[in-house]
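Here is a quick tour of one chain, from its overall make-up down to a few residues. Have the structure open as you read.

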Amino acid sequence: MQSGKAVWPWVLGVVVIGGAGGWLFRDQLKSLADGVSVPVQSTPASTSAPPQPQAAAEPAPAPPPIKHPLDTEAAADPALPKLADSDAAAWGALSQLFQGEGPLTLLLRDHLIQRLVTQVDNLDKPSVPPTALAARPLPGNLQVEPGEGGERIAASNAARYAPYVQAFTALDPAATATAYKRFYPLIQQAYVDLGRPEGYFNDRLVAVIDHLLETPEPARPVAVVRDERGRYRFVDPDLQSRSVGQKALLRMDATQERAVKQQLRAIRSSITRG
């Protein structure tokens, strides 16, 4: 756990995907096979046994069933840009959802949809490569104070996250879900481009939300210690073993963590059928 590491963006990334985007009806790629047949050279007759027929190729495995399908047909908007040109539209959509650009100051604007999809896909992992980040580090450093036997996260640390938690929890879950469904084909394409051709991003998003909701709620303040590289780590090995997304919630105070979880539940309900 590093001092100054972005905390809010990990949580922001989940819901931002719900409201972010532009639109893309996937380009209908034409099959360009030219139909020219390749001549097969004849072979002389042979007295040996005729070749045995080859076994039929194994059928490709069926894609996993979709657990949380979205009804996106009614929201089709072919006038919106394609994925490669969607940054301005994505930023505008997010600004409307958050009623201003203040909460979005941590986000990188270029390739916004692709970055956010990648970041969400990494939230339940132990570590994340820099290329998976959609956000700048949260301003300031992790605030700590002396505690029994060492250091602990200070109560004042919550002030760093307060504006972002407030903006997140003020989102209208229904409006967020509506925007998400409208922009979903673009988001799905970005997910496929990550190398998930059989994956359904909404299922992945629900799984990530469920993972975040499983974050423990330990008694605060939480004890931390610096490692050999000067980075703060949780003293409790169970907390330190958690994913980057769960660690983000653990760095908040208890009230903030519960408020974020409550909003995540509301958004999950809005993008699922139960």
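The chain exposes about 15,000 Å², with carbon and sulfur atoms supplying 54% of that area. Accessible areas here come from the Shrake-Rupley method with a 1.4 Å probe, and for residues only the protein chains shown count as cover.

Some ground rules before going further. This is a predicted model, so local features need pLDDT of at least 70 and side-chain atom pairs count only at pLDDT 80 or more, while totals for chains, interfaces and linings use all residues. Residues are numbered from 1 along each chain as its sequence is written, and side-chain values use heavy atoms, with hydrogens and water left out.

**Confidence and layout**

The average pLDDT (the predictor's confidence in each residue, from 0 to 100) is 80 for the chain, and 76% of the residues score at least 70. Residues 3-47 are where the pLDDT is below 50, yet this stretch has 125 contacts in the model beyond near neighbours in sequence. A contact means heavy atoms within 4.5 Å. Of the chain's contacts between residues at least 6 apart in sequence, 76% join residues at least 24 apart.

There are 9 helices and 4 strands, in the order α-α-α-β-β-α-α-α-β-β-α-α-α along the sequence. These are DSSP runs numbered from the N terminus: helices are H or I with at least four residues, strands are E with at least two. Of the 274 residues, 43% are buried. Buried means under 20% relative accessible area, exposed over 50%, and partly exposed in between (1.4 Å probe, protein chains only).

**Helices**

How many of the 8 residues of helix 8 are buried? In helix 8 (residues 244-251), 8 of the 8 are, so this helix is largely enclosed by the rest of the structure. The buried set includes Lys247 and Arg251, as well as Val244 and Leu249.

Gln189 lies in helix 5 (residues 173-193). Ser95 belongs to helix 2 (residues 87-97). Leaving aside residues up to four places away in sequence, Ser95 touches Gly100, Glu101 and Leu104.

| Residue | Relative accessible area | Class |
|---|---|---|
| Gln189 | 17% | buried |
| Ser95 | 13% | buried |
| Gln99 | 75% | exposed |
| His111 | 45% | partly exposed |

Arg220 and Pro221 are joined by a cis peptide bond, with omega about 0°. Pro221 sits in the loop between helix 6 (201-213) and strand 3 (223-226).

**The second largest pocket**

Arg220 turns up again here: the second largest pocket is lined by 13 residues, and Ile153, Ala154, Ala155, Arg220 and Asp253 lie nearest its centre. A pocket is an open set of points on a 1 Å grid over the protein atoms alone, where a 1.4 Å probe fits, with protein on both sides within 12 Å along at least five of seven lines; lining residues have an atom within 4 Å of a point. About 160 Å³ of space lies in the second largest pocket. Its lining has 8 nonpolar, 1 polar and 4 charged residues. Ala, Val, Leu, Ile, Met, Phe, Trp, Tyr, Cys and Pro count as nonpolar, Asp, Glu, Lys and Arg as charged, and the others, Gly among them, as polar.

Conventions: Grid points are joined across faces, edges and corners, and a volume is the space filled by probe spheres set on the points.
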